[in-house]
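Here is my note on the structure, written as numbered points. Please read each one with the sequence and the 3D view beside you.

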Amino acid sequence: MLNDPTLIPELDVRAIDGWTLHEFAEVTSTNSLAAHLPAWSAVRAGVQTAGRGRTGRPWVSDEGGLWLSAVVPTPGDPARWSLLPLAAGWAVRKVARALGVTAARLRWPNDILVGRQKLAGVLVDRFSADAAVVGIGLNVANRPEATDLALAGLVTRLADLLPDPPAPAALLVRLLTALTMEHHRLETGDVAGLCRDLNGAWLHRHVHVTLAGGRGAINGHLEGIDPFGSLLLRNPVGEVHVLPPHLIELLREIF
Ligand code: BT5
């Protein structure tokens, strides 16, 4: 059992395909809880009261969605793991497509969209050098736009896209399995394979990138990502900018 005084009691802990899964009714953020757990642990909650997106943005985590964090080992050369956030997004895209959401696509780095609406998001936290926490938020039957009215029209959920979406328990097995496969791909050094998959799949490459730290913005054409996870962006005069993820605050697609 996890021992944290801020927690509602843990509902269950069980083994799934090499993972140890901890389940809660309600937590602040599954990523924050998972920070204290060893590799191949996972945390799921029915509700998050302080779900986190990237760069401090909030993530609405109401009842009926899948809020999951998975701790994966990241041994050896850190460069090998710079693609982990992209690999995690690819895993979620694969699961969504396998379920029948054939239009599921990635928006850099790892948002999963259908059309222009967000189905799922991924947040990777590095709390230590030898492990990473991969947080996955997947809208299933929840209605985040009821909590945050600004999300109306911008979100979608499996229940809108499939006649009979799987229960969270089945979904999380699929997600953990897909994540294990993508982790294996990076562990064995097949970065080229992942880049090939990702770069063959970006849609809507006309983008507006806001740079972090008030460094301005660039409009351009998304050429793809390089083997270190940097974004390759061709500006209107034909120069290619190589932008590491930490330099990018937000990428917006221009339609
Ligand atoms: C993300 O951030 O998309 C990463 C979301 C990761 C959530 C998971 S849930 C399990 C784990 N525990 C956590 O605390 N977090 C992870 P970002 O790309 O920054 O997108 C955040 C933006 O998405 C917000 O500013 C909203 O505009 C929008 N948003 C918030 N909640 C949403 C939802 N449920 N569905 C779709 N969009 C949402």
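1. Helices (H or I, at least four residues) and strands (E, at least two) are DSSP runs, numbered from the N terminus. On that basis the secondary structure of the protein comes to six helices and 13 strands. The radius of gyration, taken over C-alpha atoms, is 18 Å, close to the 18 Å given for 255 residues by the globule rule (2.2 Å times the number of residues to the power 0.38), so the protein is as compact as a globular protein of that length.

2. This is a predicted model, in which local features need pLDDT of at least 70 and side-chain atom pairs count only at pLDDT 80 or more, while totals for chains, interfaces and linings use all residues. Residues are numbered from 1 along each chain as its sequence is written, and side-chain values use heavy atoms, with hydrogens and water left out.

3. Of the 255 residues, 50% count as buried, where buried means under 20% relative accessible area (1.4 Å probe, protein chains only).

4. In helix α6 (residues 191–199), the buried residues include Val191, Gly193, Leu194, Cys195 and Leu198. Among the elements that cover the buried residues of α6 are α2 (84–99), β5 (105–107), α5 (168–187) and β10 (217–225).

5. Leaving aside neighbours within four places in sequence, threonine 156 is in contact (heavy atoms within 4.5 Å) with Val114, Gln117, Lys118, Leu119, Asn139 and Leu161.
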